[in-house]
Every structure is written in structure tokens, then in C-alpha cells.
Amino acid sequence: MKKNKKNEVSNLKLNRRKLIIGASSIGAISLAPKNLLSQEANSENLPPNLPEWTQYLGDGVDVNPYGMPSEFEGHVIRRNVEWLTASAESSVNFTPLQDLEGFVTPNGLCFERHHGGVAVINPQDFRLMINGLVDREMIFTLDDLKRFPQTNKFYFLECAANGGMEWKGSQLNGCQYTFGMVHNVQYTGVKLSDLLLETGLKDKAKWVLAEGSDSSGMTRSIPIEKILDDCIIAWAMNGEALRPEQGYPARLVVPGWEGNMWVKWIRRLEFGDKPYLTREETSKYTDLLTSGKARMFTWVMDAKSVITSPSPEKPILSKGVHQLRGLAWSGRGKIKRVDVSIDGGKNWKTAQLHSPVLSKSLTRFTLPFEWNGEELLLQSRAIDETNYVQPTIGELQKIRGVNSIYHNNSIATWLVSKNGKVDNVRLG
Amino acid sequence: MSGLGRCILSFSLIIFLASTTIASDRKFNLGQIASKEEVAGWDIDVRPDGLDTPIGSGTALFGEEIYAEQCAACHGDFGEGADRWPPLVGGEGSLASHDPEKTTTSYWPYASTMYDYIYRAMPYGAAQSLSYDETYGIVAYLLYMGDIIAEDFVLSDKNIGDIEMPNRDGFLLPDPRPDIINTQGNPCMSDCQVSTKIIGKARDIDVTPEDE
């Protein structure tokens, strides 16, 4: 059956496999998200008038036992793309990077990726089993875990499919939708190298199967070297218990490696002499090349950066001076430098990095610029401490084709139009 | 000292000795030793070499019935998928094409992984409710639809590790990244030769959700 272009567009919303097409002339115009402009000011609250909050009492300390953001920040929320997946329980939403400052992601805004919905676990019922090639097969309660020596570390967690929709062309018109499968929090937990002192390890133990207790029974194989290097069983994020959607009461932390391996609601670690080749590391999270062969066990998240403002959700509202803001990260260590271009990559300026610049953590950068109503093509380019330079999409496509889905760490381009609106565009 | 006192003292001594003995190879003396029964209840994974495969069996003929009851509503009567639920079979020969179709029979390298995943996570919303035999049967039905086994082949713990999947050798190791080694940390900073022609806009694709 032949389809006209209009049908093709509606099919895009139904079929993930067919959704990226090189259709620059489809002609349907989407307006920028409606949350962009701040509420209009009420002149009765402006000088020389007295606003009512200056005269009358506000809420007391008994009103909000657990504080929430201001009602005026209601647009700062995780968002999902409904047509991406068959069911919300096996799906993803995105962190609103464009609305955040600094390098820490607030707990309630950390993107979610579940394969069987959010497990609800009474911490009294939590057990972590360690079995297989260990000297002693053991079971730990949450209280046991908290009595081990403690570690507190900031790490980014990025889904390997972050930006996966953008391989063939610019598809989603938002910083949130194209870069928002990343978050950065401080984890509190026990290093696995400490925990394993208790079970002992047999010489033949080379791989770990990490298994979740949710209804997807999430499983991934992790090499023993990584487990002993810096992996953590974490029970807290940003100073409070893990959020349910982030694996409460405990999850695995695999610094710098793809988010799927950070098994939430962790229940078991099995040690073996070979990888387990689970569904998630064979049929998913393998990177298909044009040859029809696929790369397997591509764990590290390569260096990446994004300009969070201006961005499609953050148009430029006035001429004059502005602060360009962005985030950069690398799974191989610290960010060394971030360059910014306003002319599509012809000329670059080095941005300011804001401390702390931590290994395998989001790093904030800013660069002041002046806008006088001209068209801009904004790009950012991260360089990490291994001297790896964030590539262009063309460089990635040349080696990997366009069907890899995962590990798209290419430079994005935001077009700033003369009216200040910002669009996700592809150059070529 | 009273008899009771001596009893408590010697009891404490035993505890003390026992704990120092354990502490000599358990550094923190935290956690409990897992019993065989406890491990058996949770250790459900199956490895590609067949290690830890539960004892059981099933044919495609048997599996077709279970599939129709438990799987077809989402994945279609013949594994062709329904709505946005994924197809499970088909797509053979498509992996190098513009539109690769990755299914169990076109892409998955190991039949044992199908067993492992179906048992642990399916049916969607009723995980770990299938029997071992039912799981073998469903895997056999999918393999049969993919022309990998015959309809009366008895798939079991004895032979699931030997099933040769078409894409067994379709995976590349080790990870060759960093595969983009462009400028060794010193990229072009000015007058760089790059195309700045806009060849596509997300706005024109028009699939971005909008706030209500």
C-alpha cells in the first residue's frame, strides 16, 4: 500500500522503527512548548505598590512537612514521549535539563526508565543475595549494608539511548527530549569491594550478574574488574533515601557506564566465570552497524555536552547580554574543556567550567554572549581528560551508520532565529 | 560464682570464640549465610552454555496453546506484533538493511536467553508465573515459527544450549571505542572547514509532544 506523506507523519507516531525519516519538507509546523514564557507581572505588586505577601502572613512551619518547589515552577517536570513505547510501565521520561542550574539534579526530576514499572518495597523486606563463585553465599538486609564503611560520590547516570532518536536527523525539538536521559546525584552506599570482603571471591569469578527484583527481573553482566574498581550498592541520593523510581531501597551504581547496568531494586549478585548474555545485553543495548553486525558490551558513556539555555525550550527573549549555559560529562573521567560555537562550528570559544569538576559527573559550563537579533547556530563540544573530543554526527555516522540507536554522543546544533526562537537542526 | 553465673560465662565465651573465628575471614561479620533453599528460590538465571537451566521440556505444538493464551494479545498470533508491541519473529536478512527488524529469531544470539527472559519477565504484568515446561514450549513455538526447529522437536534443559540461532555470530567484541580519534584534544578553533547548511529541522518532523 502506498502512503502519502501525511500518512507517513501519523505513522511516525505509531512506529518507533520507522520514525526517523529525512523529511525536511513535510511542512507541519509545531509551535514551541507553551511553558516558555514566565507569568506576566501584576503591576499592583510592583514599585511603588506594596504586594500582599509583604503585608500578610504566609504559611506556617506546619503546612509543608516535605517541601515542594514553588507553584510558579510547575513547568519544571519530567516529560515523556507517549508514542515512543507501547506502555508507560516499560518506558522512559526525560530530565528537564533546560530548567536546571549547577551540576546536581533534584531527586524528583531525575529521568525514569523502567521495564516493568516502579517496584514498591518495604525496606524491612529488602534482601540482597550474593551467590555463585564466592567463598560464602550470603544475604544482607538494608541495615547490614548501612553498617559497612560508607562512600559518598557524585556520578552522572546516562541511558545509552539518550539522543537515540537523532541518529538519522533532528527529530525531537527540545533539549529535554534529546539530552534528558541523564541525571547527576550524590550517592551514599557501600563499595562492592568492601561488601565482597564479607563473602570472599573465588579465583574463577570473572563476571557478575546483577539482578533487580522488579517485575522485569532486570539483569546485566558486569566484569569483575569494574565491580571491584568503583561500583556501589547505594541506598541514598542527594542526602535522602533513593526515590522509589530510582530503585528504593537500594540500587547498583556503575560509574561512567550505561544506565541500564545500574540495576534498580537490586536483589541479587551472582558471580560466575562467563558473562550471562541476558536479553538486555544481546537483543537490547547492542549497537547495530551498517554491516548487519552489532557491537556488544559497549559499556562506557563517551564524552558529551549540551547547551541547556538557549535551547528549543529556552528562546532568547531580549537583545543584549545573556549567559549561555550547558552541561558536559564523560564516562572516562573528568571534563577538561568545553568549547562553544555560535556559527555552526566554524569558530569556537572556550567556556568557563564551574567547580566542582568531578570524574564521571556532570560539569556545568557557562559563556556570556551578546545577541543583537542575528541568526545563530549554537554548538558545544566537550573534551575529557583522556583528550577525547566530542564528535560530530557525521563522524559517528561514518563509522557506525544510523541504526545503532545507542551511544549517540554527537554535537547538537540549536538554530537561534531572528525572533529569538530556538530549533533543533541538523547541519550537513 | 553460682552455677547459673558459670553457665552464662561459658555461654558468652562460646559466642566470643565463635564470632572471632568467623571474623577472621569475614571482616565485618555482617549479613547471614544463605541457605541452599534461599538461593534456589531466587537463582533463576540461565546461561547460554545451558548452566543452571531448569529441568523441563516442551514442543512448539504444546507451546502454541500457551502462546495463544499468554502472549498473542500483545505479540500477535504468529509473533508479528500488535500496535506498538514488538514482533517476536520475522526480519530474517534485514539486519544490514535501512530498516533492520530485530526479533528473537533474526537477532537474538542464544535460545537460552529467550528462556531466561520469558520466564523472568513474561507475561508482561505477571512475571514468573509460567511453569518451566510452559516456558520451554513458548520458546519452541517461537523457534519453530523462525524455521529453527521442527514442530515436534522437544526443547529441553538438555538441548537448549545447543540450539544454533541464525545470528549467533552477529556480535562484535571487544568494544572498539573510542572509535572517533579526531584531533587528540586539539580540535580546530577558528575558520574551521565545516558545512553550516541546515539540512533538517525537528520542527518539520513534528513529533515533539507539546504541553497541554
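**View 1. The surroundings of Ala234 in chain A.** Leaving aside its neighbours within four places in sequence, Ala234(A) is in contact with Tyr187(A), Thr188(A), Gly189(A), Leu242(A), Ala250(A), Arg251(A) and Val253(A), where two residues are in contact if their C-beta atoms, placed from the backbone, lie within 7 Å. This is a predicted model, in which local features need pLDDT of at least 70 and side-chain atom pairs count only at pLDDT 80 or more, while totals for chains, interfaces and linings use all residues. Residues are numbered from 1 along each chain as its sequence is written, and chains are lettered from A and ligands numbered from 1 in the order in which they are written.

**View 2. The largest nonpolar core.** Ala234(A), together with Ile233(A) and Val139(B), touches the most other members of the largest nonpolar core, which has 142 residues. A nonpolar core is a set of buried Ala, Val, Leu, Ile, Met, Phe, Trp, Tyr and Cys residues joined through C-beta atoms within 7 Å. A residue is buried if 20 or more other C-beta atoms lie within 10 Å of its own, exposed if 12 or fewer, and partly exposed in between, with C-beta atoms placed from the backbone. The element that gives the most to this core is helix α6 (residues 132–145) of chain B, with 9 residues; helices (H or I, at least four residues) and strands (E, at least two) are DSSP runs, numbered from the N terminus.

**View 3. Chain A as a whole.** The secondary structure of chain A comes to 7 helices and 24 strands. Its radius of gyration is 23 Å, close to the 22 Å that the globule rule gives for 428 residues, so chain A is as compact as a globular protein of that length; the radius is taken over C-alpha atoms, and the rule is 2.2 Å times the number of residues to the power 0.38. Along the principal axes, the C-alpha atoms of chain A fill a box of roughly 70 × 65 × 45 Å. Of the 428 residues in chain A, 51% are buried, and among its contacts between residues at least 6 apart in sequence, 70% join residues at least 24 apart.

**View 4. The two domains of chain A.** The domain assignment of chain A gives domain 1 (113–170 + 182–278) and domain 2 (304–425), with bounds that come from an automatic or database domain assignment. Taken over C-alpha atoms, the centres of domain 1 of chain A and domain 2 of chain A are separated by 31 Å. Their contact takes 15 residues from domain 1 of chain A and 15 residues from domain 2 of chain A. On the side of domain 1 of chain A that touches domain 2 of chain A, the largest share, 3 residues, comes from strand β6 (residues 151–158) of chain A. By class, that side of domain 1 of chain A has 8 nonpolar, 5 polar and 2 charged residues; here Ala, Val, Leu, Ile, Met, Phe, Trp, Tyr, Cys and Pro count as nonpolar, Asp, Glu, Lys and Arg as charged, and the others, Gly among them, as polar.

**View 5. An open sheet in chain A.** An open sheet of 3 strands has the order β1-β2-β3 in chain A, with antiparallel pairing, and two strands are said to pair if DSSP finds at least two bridges between them. The edge strands, each of which pairs on one side only, are β1 (79–80) and β3 (113–114) of chain A. Strand β2 (residues 91–94) of chain A pairs with β3(A) in the antiparallel sense over 2 bridges, and the bridge partner of Ser91(A) in β3(A) is His114(A).

View 6. The secondary structure of chain B comes to 7 helices and 5 strands, and 36% of its 212 residues count as buried. Helix α5 (residues 111–121) of chain B is mostly covered, with 11 of its 11 residues buried, and these buried residues pack against α6 of chain B. In helix α3 (residues 60–70) of chain B, the buried residues include Phe62(B), Ile66(B) and Tyr67(B); the buried residues of α3(B) pack against β2 (57–58), α4 (72–75) and α6 of chain B.

**View 7. Where chain B meets chain A.** In this interface, 71 residues of chain B are in contact with 98 residues of chain A. The largest share of the side of chain B that touches chain A, 5 residues, comes from α5(B). By class, this side of chain B has 34 nonpolar, 13 polar and 24 charged residues. Strand β24 (residues 422–427) of chain A is joined by 3 bridges to β5(B), and the two run antiparallel; the bridge partner of Leu427(A) in β5(B) is Ile198(B).
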